[in-house]
Amino acid sequence: SCVVPALLLLAGCGGGSTASSGSPAAGGIQERTIKAGIGLNQEHPEGKGLKKFAELVSQKSGGKLKVQPFYDAQLGDDKKMTEALQGGLQEITIPSTSPLVGMIKEFGIFDFPFVFQDEKEADAVLDGPLGQKLLEKLPEHNLIGLGYWENGFRHLTNSKHPVRKAEDFKGLKIRTMQNQVHLEAFQALGANPTPMAFSEVFSALESKTVDGQENPLATIKTSKYDEVQRYLSLTKHVYTPFVFLVSKKFWDKLSPEEQQILREAAVEAGTYQREVNREENRKALEELKNLGMEVNEVSDEERANMQAIIKPVIDKFAKEFGEDLVKEMYDQVEKARQ
Ligand code: KDG
C-alpha cells in the first residue's frame with residue numbers, strides 16, 4: 001500500500017517505493033463503482049466528456065475506480081439526478097446550472113441573458129473567484145462541485161416562423177428550462193414559455209405541444225431537433241454552464257487519494273469537453289443547414305433591443321440573487337473583455 005502526505009500525491013504516489021506489493025499507484029484506493037448520469041446522449045460533447053472522465057479515472061486509479069456512465073436521462077432528469085446525489089443514491093451528475101436555481105438561487109446569475117460575448121469571457125468568470133464562490137455554496141446542500149463544463153450559447157428553434165426581432169417572439173409557445181429567470185424573460189418578450197425537463201423536449205416538439213425550444217447548436221444537432229423544427233434563429237441569448245457535481249455523502253467516504261483522482265479527472269475531462277463542444281457547435285451550424293433547417297441571423301441591434309425589454313426582469317432577479325454578486329460578474333466580464 002502507499003500512504004503519503006497529500007502534497008506528494010501531486011508528484012504521483014509510490015514513485016520512490018520499490019518494495020511495495022501490488023500497483024503502487026493504487027494505494028489508498030478501493031474498488032468502487034461510481035454511477036454518473038447526464039441528460040444528453042453519447043454523441044453530445046457532454047457525453048464525450050463523460051466518457052473521457054471515466055477513462056481518466058480508470059487510468060489514474062489503476063482500474064480500481066470504475067465510472068459507470070448513464071446517458072440520455074436514463075437515471076432521470078437534471079433535478080431528479082441532483083436529488084439522488086443529495087440522498088447518496090447516485091454519485092455524479094453534470095447538469096446545467098439553470099434547473100438548480102430553485103435550490104441554489106445564486107446560480108441564477110448565469111441565467112441572465114446577453115452577459116457573455118464569447119466563451120473566453122465565460123471561462124474567465126467560471127474558472128475565476130466568482131465561479132469558485134458559487135461552488136462553495138454546494139456542500140451545505142450535500143453536494144460537491146468539481147468545476148464547470150460547457151453547455152454553451154443557446155439559440156432558438158421553432159416550427160412557426162423565423163425570429164429576427166423581439167416582436168417575432170409574440171405568442172410562440174417555447175419550452176424553457178425549469179428556471180424562473182428564463183420563464184420571466186421569455187414572458188417579457190411576449191412568448192408563451194412552458195418549463196419542462198430536457199428529457200421531454202423532443203416529444204413535446206414532435207406532438208406540437210410547444211412550437212419551439214432553445215439550446216446550443218450541438219444539442220439541436222445531436223438531439224435531432226431538425227426533424228421536428230424548421231426554423232433556427234441565431235439569438236445567442238444566453239450562455240449555460242454545466243456544473244460537475246458529486247454526492248457529498250459519497251465524497252466524504254473517499255480517501256484523499258480517491259478525491260484527488262476525481263478532482264483531477266473532472267478538470268482534465270472538462271478541458272477536453274470544452275474543446276469538443278466548441279468544435280461541434282461550429283460544425284453543427286453547417287450540418288443543420290444541410291439537414292434542411294432554415295437559419296437566420298439576429299442583428300446586434302435586435303439583440304440589444306431584446307436585452308432592453310428583458311431589463312426589468314434582470315433588475316428584479318439581481319436584487320433576489322445579490323446585487324454584489326451580479327456586480328462581481330459584470331466586473332469580471334469587463335476585465336476579461338479588455
Ligand atoms: O445533461 C444536461 C441536460 O440534461 C440539460 O441540462 C440540457 O440545456 C439543457 C436543457 O435544455 O435542459
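A: The bend at a residue is the angle between two axes, one fitted to the seven residues ending there and the other to the seven starting there. Helices (H or I, at least four residues) and strands (E, at least two) are DSSP runs, numbered from the N terminus. This is a predicted model, in which local features need pLDDT of at least 70 and side-chain atom pairs count only at pLDDT 80 or more, while totals for chains, interfaces and linings use all residues. Residues are numbered from 1 along each chain as its sequence is written, and side-chain values use heavy atoms, with hydrogens and water left out.

Q: Where in helix 11 does a kink lie?

A: The kink is at isoleucine 310, shortly before proline 312, and amounts to about 50°. The span of the helix can be read alongside it. The expected span is 1.5 Å times one less than the number of residues. Helix 11 covers residues 300–321, which is 22 residues, and a straight helix would reach 32 Å; here the end C-alpha atoms are only 28 Å apart. After helix 11 comes glycine 322, with a positive phi near 120°.

Q: Which residues of helix 11 are buried, and what covers them?

A: Buried means under 20% relative accessible area, exposed means over 50%, and partly exposed lies in between (1.4 Å probe, protein chains only). In helix 11 the buried residues are Arg303, Met306, Ile310, Val313, Ile314, Phe317, Ala318 and Phe321. Their cover includes helix 6 (180–188), strand 8 (231–247) and helix 12 (323–337).

Q: How many cavities of 30 Å³ or more does a search of the whole structure find?

A: The terms come first. On a 1 Å grid over the protein atoms alone, a cavity is a set of points where a 1.4 Å probe fits but cannot get out; a pocket is an open set with protein on both sides within 12 Å along at least five of seven lines; lining residues have an atom within 4 Å of a point. Grid points are joined across faces, edges and corners, and a volume is the space filled by probe spheres set on the points. The search finds three cavities of that volume.

Q: Which residues lie nearest the centre of the second largest cavity?

A: They are Pro113, Ala185, Phe186, His237 and Ile310, out of 15 lining residues. Ile310 is also where helix 11 has its kink. Helix 6, strand 8 and helix 11 each supply at least two lining residues, and helix 6 has the largest share, four.

For residue classes, Ala, Val, Leu, Ile, Met, Phe, Trp, Tyr, Cys and Pro count as nonpolar, Asp, Glu, Lys and Arg as charged, and the others, Gly among them, as polar. The lining of the second largest cavity has ten nonpolar, three polar and two charged residues. For the largest cavity the division is eleven nonpolar, seven polar and six charged.

Q: What is the volume of the largest pocket, and which element gives the largest share of its lining?

A: The volume is about 330 Å³. Of its 17 lining residues, Glu119, His155, Leu217, Lys236 and Asn281 are the closest to the centre. Helix 10 (256–290) gives the largest share, four residues; strand 4, strand 8 and helix 11 also supply at least two each. By class, six lining residues are nonpolar, three polar and eight charged.

Q: Is threonine 235 buried or exposed, and what is in contact with it?

A: Threonine 235, in strand 8, counts as buried because its relative accessibility is 1%. Contact means heavy atoms within 4.5 Å. Leaving aside neighbours within four places in sequence, threonine 235 is in contact with Phe114, Arg154, His155, Leu156, Phe169, Val298 and Arg303.
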